Amino acid sequence: MGIKPRTIIAFMLLIAGLFLIVKVFSVYWIIVFFNIVLIYINCVFIFAYIEYRHKRAPVPKSWPTISVVVPNFNGEKTLAKCIDSIRQMEYPSRKEIIVIDDGSSDSSKKILSKISGIKVIAKKKNEGKAKGLNDGIKIAKGELIAAIDSDTFPEKGALMKMVARFDSPDVGAVTGLVRSYKPRGFVEKIQEIEYLISFGFFQSVLADINGIMVTPGPMSVFRKDVLKKIGYFDVTNITEDMEIAMRLQYNHYRIASSPESVIYTVVPNNLTHWFRQRTRWYRGKFVNTRKYASMVFNPKYGEFGMFSFPFSLVADGLAILLIAVTVSANLENVFNYFGFVASWAGAGGNILGALPTGFSLHSSIYFYFFTIVLYSFLVYVSHNFVKDRLSVWKLPEIIFYMFVYGFFISFVYFTSFFKEINSSDYTW
Amino acid sequence: MVSKYIKALALTIVILGIGLVAINYLDDSRAGALANAIEERDLDLQASQQLFLYESVFSGDDVCPVILAHIDSQKSQASKILSEIEQAEKNRLFPDTGLLKRRFLLQNVELYLLVTRAAKDCGSADLKPVVYFYPDKYYCAECASQAAILDSVTAQCRDVRVFAFPGDLEIPVIYLLKQKYGIQKYPSLFFNSGKHDSLVSESTLKSELGCQ
């Protein structure tokens, strides 16, 4: 699909707006503003964490029946292991397993035919994950629904720990701690850090203030009657796991988190796949933000409406600003530099001698110092959640996460924003 | 109990305060270091002027060796100071860069005049001044290359002294020098009594200035 005129107009408007911001407020104040907002958001999380850390996980008096629903599409490599992990999950009450094969063209159907004791819905054509989940939920007999991706392997105790969090009727869903499965490459290792921070620290603290915005696709547990009441998963949404969480919040249900429930999932192992996945996620966020915009700064939705949702949007805006300011502040230098090198080389100068000199940092850059201190704390706390040791071997990915990841995400936001405006096709 | 949002706001304000004080201190230190370097050049220039004054008061005494030795000792890090001031100005690192730059440029003009006078009065054939005109108000890639070439030549050739003047700034002496040397475009160089109004390569400069 080509670039539409509205995308070009949006791009030019954004650049003009950013240019104006840079010229009016100067890079100095933008960097200070960027860091101060981030520092405020992180300080709220730290104080929320201080309140949260003394709380103990509830102990349930009874165990509701549960149906594990596994949508699968061409998951031949992981499907058998996934079902095996589900079977091994301890649960003191009835647990049924429903697998929806969503028109796979690989050997998934053959694998499923060899597994006994599970219900299988075999579809002829691919109808999407949300539709598959809904079909499974509709035939499920359990009071609770555990939606698990076919490339996900929960730990033995994950289900019991998650179900224990349904300690009041207003809890509509519970999330766990999603971790990267056997991270080997650098891209997977960065996601391991990212998941620990997002699903460990942030998700737990957000749950405490009822501010969760996503019930992670790899595994989340829902009340079946609540799903029925709010109309099941949205089959038209590209990030159905975020949409359902927003809809739960919209209907005043709480989403709890169980950071002690560890769920391993296969994550993208190369940059292209990772970038594509994140672009889809953030495009989903744009769609869901438009859909649930009425909740922003709406006191009716408590801390979700007043803090978690609006400040996540502020953080998104800052991410776009970060890349735009960096580019606009350096673009001129880059052009100048190439012009300089060309004429220097043309004048018979030594090309190696043409390296930039006199590079000086803006003093406001020192504000990043505070942000780095806060992020280091987050990395430490997140590792504590899973009782993981912080070793020097993890330094490369931690350093990347703290210093470069922001720019990567910034670029993803930027791309998602324009792809969404351009209505480009979604890619998985 | 104070809410976490208020506590976070208070902590953020404290961090903002500490950050702004730290930035202020850092900017002051950087501006102070530049101001000191310019101050030192000022003292050197004053000493040179006193030598010429001495020469005119006590005519007959041969002060030329002292003058030449002193001017030679002023082979200061002029291009480094100018590049630092320009970086600070461009990135708005700290206020008053305009004032520092003006003072620096006036010093440069003064130094050029003193060197020219020393050459006239004392016949210092060894010293080879190169006057370089560039624009201050806009970027010119050729000028950036020329500046780099001049830096390189100065580092290699002991007797070459470069005086860089922004031709579009309203400094009376620079205006007069432009008129005198007939400068119309940038970059322009004036050395060995000749004007060059395009980029001069490193090898040409070195051979014309007798530095191999």
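Let's start with a helix pair. In chain A, the H9(A) residues Phe275(A), Arg278(A), Thr279(A), Tyr282(A), Arg283(A) and Phe286(A) meet a set from H13(A), namely Val412(A), Tyr413(A), Thr415(A), Ser416(A), Phe417(A), Lys419(A) and Glu420(A). Sorted by class, the residues of this contact are six nonpolar, three polar and four charged.

One caution before going on. This is a predicted model. Keep that in mind throughout.

Now, how do we describe such a pair? Two packed helices are described by the angle between their axes and the distance between the axes. Here, H9 covers residues 271-291 of chain A, and H13 covers residues 405-422 of chain A. They pack at an angle of about 60°, and their axes are 8 Å apart. What do we call that arrangement of H9(A) and H13(A)? An angle of 65 to 115 degrees would count as roughly perpendicular, and under 35 as roughly parallel. The two helices are therefore oblique to each other. The crossing of H9(A) and H13(A) is right-handed.

Step back to the whole of chain A. Its secondary structure comes to 13 helices and eight strands. Chain A has 428 residues, and 41% of them count as buried. Look at contacts between residues at least 6 apart in sequence: 81% of these join residues at least 24 apart.

Next, the domains of chain A. Domain 1 takes in 5-53, 306-346 and 362-422. Domain 2 is 66-301. Their C-alpha centres lie 29 Å apart. Across the boundary, 30 residues of domain 1 of chain A are in contact with 31 residues of domain 2 of chain A.

Which elements of chain A give two or more residues to the domain 1 side that touches domain 2? They are helix H1 (5-52), helix H10 (302-346), helix H11 (368-385), helix H12 (395-403) and H13. H13(A) gives the most to that side, with eight residues. By class, the domain 1 side in chain A has 21 nonpolar, six polar and three charged residues.

Let's zoom in on one residue, Met213(A). It is found in the loop between helix H6 (186-208) and strand E7 (219-223) of chain A. Is Met213(A) buried, exposed or in between? Buried takes 20 or more, and exposed takes 12 or fewer.

What does Met213(A) touch, leaving out residues up to four places away in sequence? The list is Met242(A), Ala245(A), Met246(A), Ser308(A), Phe309(A) and Ser312(A). Take Met242(A) from that list. Met213(A) and Met242(A) are 29 residues apart along the chain, yet their C-alpha atoms are separated by 6.2 Å.

Finally, chain B. The domain assignment gives domain 1 as 1-126 and domain 2 as 128-212. The centres of these two domains, taken over C-alpha atoms, are 21 Å from each other. In chain B, 10 residues of domain 1 are in contact with 13 residues of domain 2. Helix H3 (78-90) and helix H4 (97-122) of chain B each supply at least two residues of the domain 1 side. The largest share comes from H4(B), with seven residues. By class, this domain 1 side of chain B has six nonpolar, three polar and one charged residues.

Definitions and conventions:
Residues numbered from 1 in each chain as written. Chains lettered and ligands numbered in written order. Predicted model: local features only at pLDDT ≥ 70, side-chain atom pairs only at ≥ 80, totals over all residues. Axes fitted to C-alpha atoms, helices over the stretch in contact; angles between N-to-C directions. Helix = DSSP H or I, 4+ residues; strand = E, 2+ residues; numbered from the N terminus. Parallel < 35°, antiparallel > 145°, perpendicular 65-115°, else oblique. Left-handed = near helix turned anticlockwise from the far one by under 90°. Contact = placed C-beta atoms within 7 Å. Nonpolar A, V, L, I, M, F, W, Y, C, P; charged D, E, K, R; others polar. Domains from an automatic or database assignment. Buried ≥ 20, exposed ≤ 12 C-beta atoms within 10 Å, placed from the backbone.
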